[in-house]
Amino acid sequence: MIKYVVIGDPVSHSRSPGMQNAAFEKAGLGRPYGRFHVKKEGIGDFAAFAKKNLSGVNITVPHKENIIPFADEIDAVAALSSSVNTLDIRNGRIKGYSTDGYGLEYALRKNFAVSPAGRTFCFTGCGGACRAVSIHLAKEGAAEIFLANRTLLKAENIARIISENFPSCRVHVLGLEDKKSLEHAIGSSDVLIQATSLGLKEDDPAPFDTKLLGANRKIAVFDTIYKNTPLLKAAEALGIACAGGRDMLIYQGAASFRIWTGLEPDIDAMNTGFDITPVTDGDAKE
C-alpha cells in the first residue's frame, strides 16, 4: 500500500521513488513509496487526501511554497525560507520541513570535504532551492554569501532574511550578467553553487560565461542539477573540483526518511535506487 509519495508538476522524472523504496525495502518496510502528479490548483485537494491516506510526502517544483498554507505546522527553517520539501503526517496533521539545506551540506562534505562554518559561498540563481540552502548555510555558520541572479529583487529578499536572522554572515547581491562583480564573487568564494534550472535540457547553455571560473581554480563547483551540465564540463576542463546534484538529492531524501520513520536509511541502497530509470509513461493523478 502506498503511504509515501513525491508530488510535483511534472513528476515523472523524479528519482525519489526508486531511491526511497530502496531504503524502505532495506529496512524491511516493503515498497510503500509512489508519486502523484499534482497541479497548482489541486494542492488543496491533495493535502486533504494526504491527511487521510498518507504518512509522508516529498515535494518538488513548483509546489515547495504552494503547499505551505495547507500545513498545520511548519519547521522554523522551512518557515524562514518559505520552502517545504517534506511533509510528515501523523493523526491527520501535516508538519512541513525543508531538508534541502541538509542535503546540500552533506553533499559538499562528501564531495569536497567542505563544511559550512567559516566558508564563503557564491550562488548563481536565487529561486526556491537557493533560498532554502543559503539560509541553511548561514544558520550553520557560513562567513559570507554572494547571491547572483538576473532578477535582483529575489536575491535582495534572500539577503534580507539572512541579514536579519544570521547577522554574522556577510551577504552580497549582484546581477548574474554583471561579469566584473561575478568574477570577484567567484574569486572570493570557496564553493560556487549553481541553482538555476539551466542544464535540465540537453541544449541549455551554462548560466554565465564559464571563462569566469578561471578567476579561482581552487574553488569547488556544485551544480544542483544531477546531469553532466555545461558548467560541470567547463569546470572539469579547467581542473576544478566539481560535482552534480545527485548526492544532494540522496541526502535530502535520507533526512526525509529519518523524519518519517525514526530510522537511519541505508545510503548505499539509496544510491542504487537512484539509478533506477523513472517510469515516464504517465503520472498518477490524485
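Guide: A disulfide is taken here as a pair of cysteine sulfur atoms within 2.5 Å. By that criterion, a search of the whole structure finds 0 disulfides. Cys126 is in no disulfide, and its nearest cysteine sulfur, that of Cys130, is 4.0 Å away. Cys242 is in no disulfide either, and the nearest cysteine sulfur there, that of Cys122, is 16 Å away.

The model is predicted: local features need pLDDT of at least 70 and side-chain atom pairs count only at pLDDT 80 or more, while totals for chains, interfaces and linings use all residues. Residues are numbered from 1 along each chain as its sequence is written, and side-chain values use heavy atoms, with hydrogens and water left out.

Cys242 has a relative accessible area of 27%, so Cys242 is partly exposed.

Next come the aromatic rings. A pair of aromatic rings is described by the distance of the centres and the angle of the planes. Rings of Phe, Tyr and Trp (its six-membered ring) pair if their centres lie within 6.5 Å; planes under 30 degrees apart count as stacked, over 60 as edge-to-face and the rest as tilted. A search of the whole structure finds 11 aromatic pairs. One of them joins Phe36 and Phe46, edge-to-face, at 6.0 Å centre to centre with 85 degrees between the planes. Phe36 belongs to strand E2 (residues 33–37) and Phe46 to helix H2 (residues 43–53), so the pair links distant parts of the chain, 10 residues apart. Helices (H or I, at least four residues) and strands (E, at least two) are DSSP runs, numbered from the N terminus. Both Phe36 and Phe46 are buried, with Phe36 at 14% relative accessibility. The C-alpha atoms of Phe36 and Ser134, 98 residues apart along the chain, are separated by 28 Å.

A second pair is formed by Tyr226 and Phe274, whose ring centres are 5.2 Å apart and whose planes stand at 75 degrees, so this pair is edge-to-face. The pair links distant parts of the chain, 48 residues apart: Tyr226 is in the loop between strand E11 (220–223) and helix H8 (230–237), and Phe274 is in helix H10 (residues 267–274). Tyr226 is partly exposed, with a relative accessible area of 31%, whereas Phe274 counts as buried at 4% relative accessibility. Elsewhere, Tyr4, Phe24, Tyr33, Phe257 and Trp260 form one aromatic cluster.

A charge sits over a ring if NZ of Lys or CZ of Arg is within 6 Å of the ring centre and within 35 degrees of the ring normal. Arg15 lies over the face of Phe274, at 5.2 Å from the ring centre. Arg109 lies over the face of Tyr106, at 5.1 Å from the ring centre.

Helix packing is the next topic. Two packed helices are described by the angle between their axes and the distance between the axes. Axes are lines fitted to C-alpha atoms, for helices over the stretch in contact, and angles run from 0 to 180 degrees between N-to-C directions. The axes of helix H4 (residues 100–112) and helix H5 (residues 128–139) come within 8 Å and cross at roughly 65 degrees. Angles under 35 degrees count as roughly parallel, over 145 as roughly antiparallel, 65 to 115 as roughly perpendicular and the rest as oblique. H4 and H5 are therefore roughly perpendicular to each other.

The backbone features remain. A cis peptide bond joins Asp9 and Pro10, with omega about 10 degrees, and Pro10 is found in the loop between strand E1 (4–8) and helix H1 (16–26). The bond from Val61 to Pro62 is also cis, with omega near 5 degrees; Pro62 lies in the loop between strand E3 (56–59) and strand E4 (73–74).

Ser82 is not a glycine, yet has a positive phi of about 50 degrees. Ser82 is placed in the loop between helix H3 (76–81) and strand E5 (86–90), and is partly exposed at 28%. Ala113, likewise not a glycine, has a positive phi of about 55 degrees. Ala113 is in the loop between H4 and strand E7 (120–124) and counts as exposed at 63% relative accessibility.

How values were computed. Buried means under 20% relative accessible area, exposed over 50%, partly exposed in between (1.4 Å probe, protein chains only).
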